[in-house]
Amino acid sequence: MHPILKLVVQRIALGLLLLLAVSAVIFLGVEALPGDTAQAILGQQATPEALANLREKMGLNQPPLTRYFQWLGGILTGDLGKALTNGADIATSIGQRLGNTLFLAGCAAVIAVPLAIILGLVAARYAGKWPDKVISGITLTTISLPEFVAAYFVIYIFTQAIPIFQPVAMVFPGMSFWAKLQAVALPVIVLVLVVLAHMMRMTRAAILNVMQSAYIETAELKGLSPMTVIWKHAFPNAIAPVVSVVMLNLAYLVVGVVVVEVVFGYNALGQYLVDHVTKRDLPVVQAVGLIFAAVYIFLNMAADIIGILANPRLRHPK
Amino acid sequence: MRIPLSALIGLILTGIFLFVAIFAQWIAPYAINDVSGGQWEGPSAKFWLGTDTIGRDILSRLIYGAQITIFVALASSLLAFSLGAFLGFLAAVKGGWIDQVLSRTVDLVMAVPSLIVALVMLSVLPLNLTVLILVMGILDSTRVFRLSRAVAADIAVMDFVEAARLRGEKGIWVIFREILPNALSPLVAEFGLRFIFAVLFISTLSFLGLGIQPPLADWGGMVKENKDGLIYGKSAALLPAAAIAALAISVNLVADWILTRTSSLKGGRGG
């Protein structure tokens with residue numbers, strides 16, 4: 001087997017193994033914590049008989065390992081069980097919300113990625129001069145803000161100081177694509193702000209790292225303009241680290257969307273998760289938690305694989 | 001030694017926040033849950049920063065909020081730190097299966113965002129201060145573990161550690177008397193970063209309604225209480241939000257400075 005293919009296959013296998021282990025932690029680890037689903041449904045005053053009946057009915061008296069494999073089997077066949085609170089089918093509830101979450105995160109990514117790379121290039125070009133200092137200062141501030149704090153400042157600016165947006169983001173089936181875009185404008189601005197800083201700083205660091213190579217000095221001594229040196233010589237060699245940076249930060253969006261959806265009352269997966277944590281609806285929390293974990297693990301895996309593929313030393317082994 | 005301006009500003013602000021947090025009971029003009037004015041009053045001589053959604057003095061609640069926010073963040077970052085550093089040193093010194101078990105467990109926990117893990121755990125556990133501190137501290141100890149294991153692995157191969165081992169010292173002695181003193185400076189800067197992370201984490205949990213519960217109030221919870229006012233132009237929610245940002249930025253400035261200082265120190269000592 002080609003060594004690069006072997007590395008990629010190994011990385012995918014590791015990702016799947018990790019996902020399996022995480023699913024076990026989400027299911028069995030939570031079982032081990034104090035607290036009992038039957039008790040949670042019936043409340044503290046429940047009689048022992050009622051508790052025993054409910055446990056029997058829900059299959060809670062089977063050993064945890066058996067229930068774990070039943071749960072895992074259900075997930076693989078698309079059956080996520082029913083919510084404790086209203087008996088709704090979890091897979092159906094997740095279906096439409098997942099689309100909304102991906103739409104929001106996708107819009108944020110489409111804006112944030114090119115913007116972060118351009119700003120990173122500019123900051124690297126003027127490293128230590130004022131454009132770099134201004135960009136770095138602003139990004140250092142946004143890194144220090146939790147998502148919801150950034151969100152309320154953005155809401156205040158765009159609904160009170162310059163009233164051009166609505167403070168809530170409502171999307172519903174049948175809405176035109178353009179109307180949807182308008183509805184998510186504010187949450188997208190917040191998410192872009194949140195991931196932009198990390199992405200831009202790491203892009204800048206990756207480019208500056210390459211800039212110390214000898215061939216960059218040669219290019220400079222040839223008399224090429226600084227932007228040509230960066231664009232033609234430094235950037236192609238910095239693509240691998242930059243792409244991994246981008247992937248890692250897209251993974252960071254997973255956390256961002258949860259909070260931002262709650263802030264804007266955006267009916268999607270994150271809001272659904274937080275709602276059901278409050279209601280202590282364990283089956284929903286486990287299912288949605290696993291989805292978020294899977295997306296996060298997948299993006300991290302993709303970052304590593306792109307890193308492997310983009311590395312010429314691995315592509316052309318001796 | 002000259003302290004750069006940014007670090008000086010950070011130090012002074014951090015000091016003020018700590019002072020306010022410690023002496024909250026004496027500084028705050030009103031009690032934490034005193035309903036003493038109308039809803040969302042503007043700033044006045046009576047209420048310097050106005051009142052909140054049910055007419056409580058915002059300044060007083062911010063002062064008490066500083067206390068609870070900083071206390072919880074400090075407690076959980078101390079826990080994260082002692083647990084992570086001890087296990088990290090242990091893994092580096094002992095190696096073998098202890099290292100394998102600890103490192104793979106940490107890999108597993110870090111494979112999922114902390115907020116998601118915390119949400120899953122908090123859907124089962126009771127919501128109180130002890131649980132919050134334990135959950136945040138344990139989750140964050142994974143990051144301290146990785147750093148301290150790497151730092152200790154560099155130190156563990158040095159001659160003086162070898163000498164201690166040959167003297168027949170036990171693992172605990174090696175950890176506390178040989179490795180800890182030499183690993184302290186990079187870990188101090190890390191402590192600042194862990195503290196900021198804890199502040200942001202507890203604020204986010206409280207904002208989601210899963211952190212500190214009433215009658216106690218932290219800054220994240222205050223943003224949650226007052227967020228609906230923003231639509232009517234009442235900016236009460238922005239004050240606790242600004243407090244979170246100010247605390248995080250000031251500690252960041254100090255940690256940045258310690259980080260550059262310790263790395264130059266390390267260079268001076270020849271590695």
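Chain A of this predicted model has 14 helices and zero strands, where helices are DSSP runs of H or I with at least four residues, strands are runs of E with at least two, and both are numbered from the N terminus. From the N terminus on, the order of elements in chain A is α-α-α-α-α-α-α-α-α-α-α-α-α-α. Along the principal axes, the C-alpha atoms of chain A fill a box of roughly 85 × 60 × 35 Å.

Residues are numbered from 1 along each chain as its sequence is written, and chains are lettered from A, with ligands numbered from 1, in the order in which they are written. Because the model is predicted, local features need pLDDT of at least 70 and side-chain atom pairs count only at pLDDT 80 or more, while totals for chains, interfaces and linings use all residues; side-chain values use heavy atoms, with hydrogens and water left out.

Of the 318 residues in chain A, 44% are buried; buried denotes under 20% relative accessible area, exposed over 50%, and partly exposed the range in between, with a 1.4 Å probe and protein chains only. The accessible surface of chain A comes to about 15900 Å², and carbon and sulfur atoms hold 67% of it; such areas come from the Shrake-Rupley method with a 1.4 Å probe, and for residues only the protein chains shown count as cover. Among the contacts in chain A with a separation of 6 or more, 73% involve residues 24 or more positions apart, a contact being heavy atoms within 4.5 Å. Chain A carries 20 positive and 14 negative charges, whose mean positions are 14 Å apart. In this count Lys and Arg are positive and Asp and Glu negative, with His and the chain ends not counted, and each charge is placed at NZ of Lys, CZ of Arg, CG of Asp or CD of Glu.

One local site in chain A is A:Tyr126, located in the loop between helix H5 (90-125) and helix H6 (130-143). A:Tyr126 is partly exposed, at 31% relative accessibility. Leaving aside residues up to four places away in sequence, A:Tyr126 touches A:Pro131 and A:Asp132. A:Pro163, by contrast, lies 37 residues from A:Tyr126 in sequence and 35 Å from it in space, C-alpha to C-alpha.

Chain B has ten helices and zero strands, and its C-alpha trace spans about 75 × 50 × 30 Å along the principal axes. Of its 271 residues, 50% count as buried. Chain B exposes about 12200 Å², with 68% supplied by carbon and sulfur atoms. Residues 24 or more positions apart make up 71% of the contacts in chain B with a separation of 6 or more. The mean positions of the 20 positive and 17 negative charges of chain B are 3 Å apart.

The two chains meet at an interface in which 38 residues of chain B are in contact with 39 residues of chain A. Together they bury about 3500 Å², 81% of it on carbon and sulfur atoms; this buried area is the accessible area (1.4 Å probe) that two parts lose on being put together, summed over both. Between chain B and chain A there are zero salt bridges, a salt bridge being a side-chain nitrogen of Lys or Arg within 4 Å of a carboxyl oxygen of Asp or Glu.

Over all chains, the count comes to 14 salt bridges. One of them joins B:Glu225 and B:Arg56, with the closest N and O atoms 3.4 Å apart. B:Glu225 lies in helix H9 (residues 219-226) and B:Arg56 in the loop between helix H2 (24-27) and helix H3 (58-94) of chain B, so the pair ties together parts that are 169 residues apart in sequence. B:Glu225 is partly exposed at 25% relative accessibility, whereas B:Arg56 is buried at 9%. Both residues belong to a network of salt bridges that also links B:Asp52 and B:Arg61.

A further salt bridge in chain B brings together the side chains of B:Asp140 and B:Arg194 (3.1 Å, N to O). B:Asp140 lies in helix H6 and B:Arg194 in helix H8 (residues 171-207), so this pair ties together parts that are 54 residues apart in sequence. B:Asp140 is buried, at 4% relative accessibility, and B:Arg194 is buried with a relative accessible area of 8%.
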